[in-house]
Amino acid sequence: MLTSATVLCGLFASMIVATPAHAEEIVPTGSVTGSVHDVIAAPVGDAHVELFALIDGAWMPEPAAEATTDANGDFTFGAVAAGTYAVRAAEAIEPSDFLPTWYPSIEMMPEADSADGLVVVEAVPVDGIDIVLVAGPIEATSAPAVSGTAQVGETLTATDGEWSVSGLSFTRQWFRGTTAIAGAIGQTYSLGADDLGAAISVVTTAHRDGFTSATASSAATGAVAAGTITGATPTISGTPMVGSTLTTHPGAWTTGTTVAYQWLRDGAVVSGAVNSTYKLATIDDGKAMSVRVSGAKDGYTTVVKTSAVTLKVATAATPKVTGTYAVGETLTASIGTWTNETSFTYQWLRDGNAIPGATASTYQLVSSDNGKVVTIQVTGAKAGYPTIVRTSAASAKAVTAATPKISGTLAVGQKLTATTGTWTTGTTLTYQWLRNGTSISGATTSTYALVLADAGAAISIRVTGAQSGFATVSKTSSATLKVQTAPRPTISGSMVVGTTLSANPGTWTSGATLSYRWLRDGAAITGATRSTYTLTSSDSGKLVTVRVTGTKSGYATVAQTSVNSTKTMLAATPTVTGTTKVGSTLTAKPGTWTSGTAFTYVWLRDGASISGATSSTYKLTASDRGAHISVKVTGKKSGVTTATRTSVKTVAIAAGTLTTSSPTISGTRRVAYTLTAKAGVWGPSTVTLKYQWYRSGSEITNATQSTYKLAGADVGKTITVKVTGSKSGYTTVSKTSAPTGTIADATWYAKKFGMFTSRTISGYGDDIVSVPSNMSTGIVTTDFAGYGNFIVWSLDSSYDVQDLLFNEIASGTGYTGAAVYGRATLLVEEPTSYFEITADGAWTITLSPIDTAQALPASGYGSGVYKYDGGTSVVELGYNGDSNFIVWQLYDDPDYGFTGDLLVNDIGAGYGYDVLNRGPSIIVITADEGAWYAYR
């Protein structure tokens with residue numbers, strides 16, 4: 001219920017704290033604060049709030065205090081006496097959508113003994129007295145209504161009426177009778193066929209957040225009446241002529257209307273003619289046509305409309321044109337069948353345009369019609385009937401055509417060519433050749449090669465011109481004279497100067513008379529009119545042919561010329577020059593040929609081709625010895641006959657002579673050393689060489705290699721070597737060297753330690769190197785290129801250590817030195833088999849025989865191995881370095897055998913005097929990074 005005016009007057013009393021008359025002793029001691037909100041939690045400003053006191057168990061009828069909320073809905077009662085109170089709030093407006101509401105948000109004042117809703121004020125403030133106003137009921141103060149015409153096709157509109165609460169939103173549902181209409185929830189509703197005869201109403205529902213929704217119904221309409229269809233009077237288009245189609249145009253009808261058609265003949269229904277179009281038939285001739293259109297739609301009254309009648313239906317045919325569509329020809333119009341008593345007029349058309357003056361039923365084509373479509377337009381007229389204009393079907397365009405001509409030689413095997421003359425541009429021509437007026441099967445191109453069947457026959461050609469959209473026209477040429485059998489002559493004989501050529505005419509038409517003419521490059525050769533001709537030097541480089549002419553009465557005279565694609569060649573017999581001996585070179589001389597001739601050569605050995613011998617020169621080989629050589633020359637030139645000529649054979653080829661040198665001998669002339677034979681230069685090319693060594697002129701057994709190791713038997717003798725050269729096809733030759741000086745005996749070093757060829761081995765880092773058995777004692781020279789350690793041990797065949805040969809630390813400049821190994825050291829009793837190398841870098845070792853050591857010099861640098869062959873002598877030994885300086889002398893002692901003296905074993909610079917034993921001996925010096933001297 002809304003707050004009454006009387007209540008509101010009491011609520012608007014001034015905000016004064018009321019004190020009961022019998023409680024004058026109560027003094028205000030506290031305060032009450034709170035807020036007022038509506039049902040959607042929005043603050044209510046300017047709301048009227050009243051504070052009622054509970055005195056002696058009863059509520060006072062008048063408020064003890066009044067307050068007004070601020071914009072945030074908050075209120076405060078200050079200086080409130082201690083006691084029990086009830087708080088009520090209401091909107092200040094009239095009428096209000098909300099009911100006066102008691103704390104805590106209830107419609108009725110709380111009972112004095114209630115547990116809820118009482119506000120007890122004591123000495124402290126009371127807050128949180130929050131009130132949510134109770135929503136008033138939603139009620140329709142005036143019902144919804146429906147306006148509009150209750151007829152199918154019309155639209156009804158709903159109005160929502162008046163309601164007791166403001167701020168409402170509405171939803172609607174339309175009803176057909178008592179049944180809700182699916183989907184009909186708008187403010188308007190369009191009446192359809194389903195609504196015919198029914199009463200329509202609308203139910204409106206009012207809504208507001210926090211309020212209870214309410215509904216109200218409108219009054220129902222009267223029964224919905226049928227709709228009215230709007231339709232137009234139909235019209236007919238089309239010519240009323242048998243064979244034509246008439247078309248109905250129904251005009252505009254109510255949307256959704258279904259129209260049906262019925263054609264009428266003189267007002268009578270035409271059976272089955274129920275479409276929007278109607279094709280006129282013979283039965284309609286002379287009749288007037290109309291059409292009846294019926295419009296129907298669910299819920300609407302059906303409407304029928306009939307068109308006006310047409311003129312009477314006429315019969316009219318499409319005219320036709322006969323005749324050839326070629327310039328100069330006459331065309332004729334044929335009108336066909338029309339309605340009786342129809343009168344006609346004519347107009348000929350060129351590409352659809354009237355031809356001035358061409359108004360008769362016939363028309364002769366002129367040059368202006370070339371490439372044009374010529375048709376006839378016939379107009380038929382009769383009272384009460386439509387005037388009808390009919391035009392013949394589009395013809396092919398008219399063309400310009402010429403009679404073809406034939407060119408070419410009328411002889412079997414020859415080609416005839418058709419010349420077509422001028423035709424309309426773009427015309428495609430096809431051909432048919434005729435033999436005595438009859439088509440020749442397959443002869444359908446612009447050229448025709450005469451065949452044996454054509455002999456004695458006359459030839460003609462029929463040309464047919466066709467082009468899309470144009471008339472197809474045929475023209476035939478005049479017939480030729482009779483065709484001869486006239487083959488192209490051939491020539492036998494080689495086209496080389498001096499050769500006699502013969503003309504072979506072949507078989508001609510029986511009874512034909514033949515004549516000859518020889519030609520040089522197409523020009524007649526004077527006097528050359530026989531069937532044979534001998535080529536002369538004038539024909540060199542020329543094309544020689546023969547022309548044969550055949551004549552016979554009633555036939556075409558035909559001349560046929562032989563075909564020759566190669567010119568005449570002038571050729572000579574080649575000759576061979578040069579020495580006829582193996583190793584010599586022969587040269588082919590081709591002689592005089594046609595200028596510009598290129599030659600190829602094939603050399604022959606006793607008449608057979610020599611493989612690969614194809615140049616103008618040939619170097620005689622061992623295979624040619626005793627044979628006879630000749631050369632075959634082939635001359636070629638583009639367009640000229642290729643000719644081949646062969647020379648006369650040579651005499652038998654003799655053996656060749658080797659070029660030689662006297663051999664020489666190099667090497668040390670001492671036992672145990674190896675001598676080497678140097679053969680010198682022998683030729684030609686590779687010569688097989690054999691060696692034989694001689695000791696003072698006597699052959700040394702088995703000494704047949706290019707080297708010879710001197711033995712004890714050679715001491716005091718001289719050595720020579722004989723070199724023998726041989727080669728297939730050549731005479732074998734021997735050359736002997738000059739003798740050497742006297743051969744000396746082997747040195748103590750060679751005899752004791754042996755001889756071998758020095759060998760160098762390279763490596764990197766740590767390794768174990770095998771020592772060949774023939775090098776097991778000797779000098780090892782090292783070259784170390786790295787930084788850090790370089791250590792070399794000698795090992796025996798069991799890998800046991802023999803001696804520490806080198807133990808160096810390189811600091812950037814590397815290390816180079818030498819030492820003896822194997823049985824040349826005092827510590828070893830057996831040969832050295834391996835070297836164990838420890839190296840922080842790249843190294844090289846060279847193994848050399850002891851005998852290759854140099855004699856002890858007066859001074860040196862670093863480590864080395866030397867020979868001393870002098871007598872017993874005092875020697876001053878000095879060293880300028882900072883490291884080891886060690887000197888050994890190794891020699892054979894008569895009492896102790898192979899032994900040695902340690903002459904120096906110092907560290908750092910210094911000098912001293914020692915005694916050298918007589919040689920032969922080995923001096924081994926270890927001088928790390930320093931210079932030394934040995935003065936005697």
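Predicted model: local features only at pLDDT ≥ 70, side-chain atom pairs only at ≥ 80, totals over all residues.
**Buried residues, salt bridges and stacked rings**

Student: Let's start with D714: buried or exposed?

Tutor: D714 is buried, because its relative accessible area is 0%. Buried means under 20% relative accessible area, exposed means over 50%, and partly exposed is in between, using a 1.4 Å probe and protein chains only.

Student: OK, which residue meets D714 in a salt bridge?

Tutor: That's R695, at 2.4 Å from N to O. A salt bridge here is a side-chain nitrogen of Lys or Arg within 4 Å of a carboxyl oxygen of Asp or Glu.

Student: Why does that pair tie parts of the chain together?

Tutor: R695 sits in strand β61 (688-695) and D714 in the loop between β63 (707-709) and β64 (719-726), so the bridge links parts 19 residues apart in sequence. Strands are DSSP runs of E, at least two residues long, numbered from the N terminus. R695 counts as partly exposed, because its relative accessibility is 22%.

Student: How many salt bridges does the structure hold?

Tutor: It holds 14. One of them joins D624 and R605, with the closest N and O atoms 2.6 Å apart. D624 lies in the loop between β55 (617-619) and β56 (629-637) and R605 in strand β53 (598-605), so that pair ties together parts 19 residues apart in sequence.

Student: Switching topic: how many aromatic pairs are there?

Tutor: There are 25. Rings of Phe, Tyr and Trp (its six-membered ring) pair if their centres lie within 6.5 Å; planes under 30 degrees apart count as stacked, over 60 as edge-to-face and the rest as tilted.

Student: Why does the pair Y799 and Y834 count as stacked?

Tutor: Their ring centres are 4.2 Å apart and the planes are at 15°, so the pair is stacked.

Student: Y834: buried or exposed?

Tutor: Y834 counts as buried, at 17% relative accessibility, whereas Y799 counts as partly exposed, at 46%.

Key:
Residues numbered from 1 in each chain as written. Heavy atoms only, no water. Helix = DSSP H or I, 4+ residues; strand = E, 2+ residues; numbered from the N terminus.
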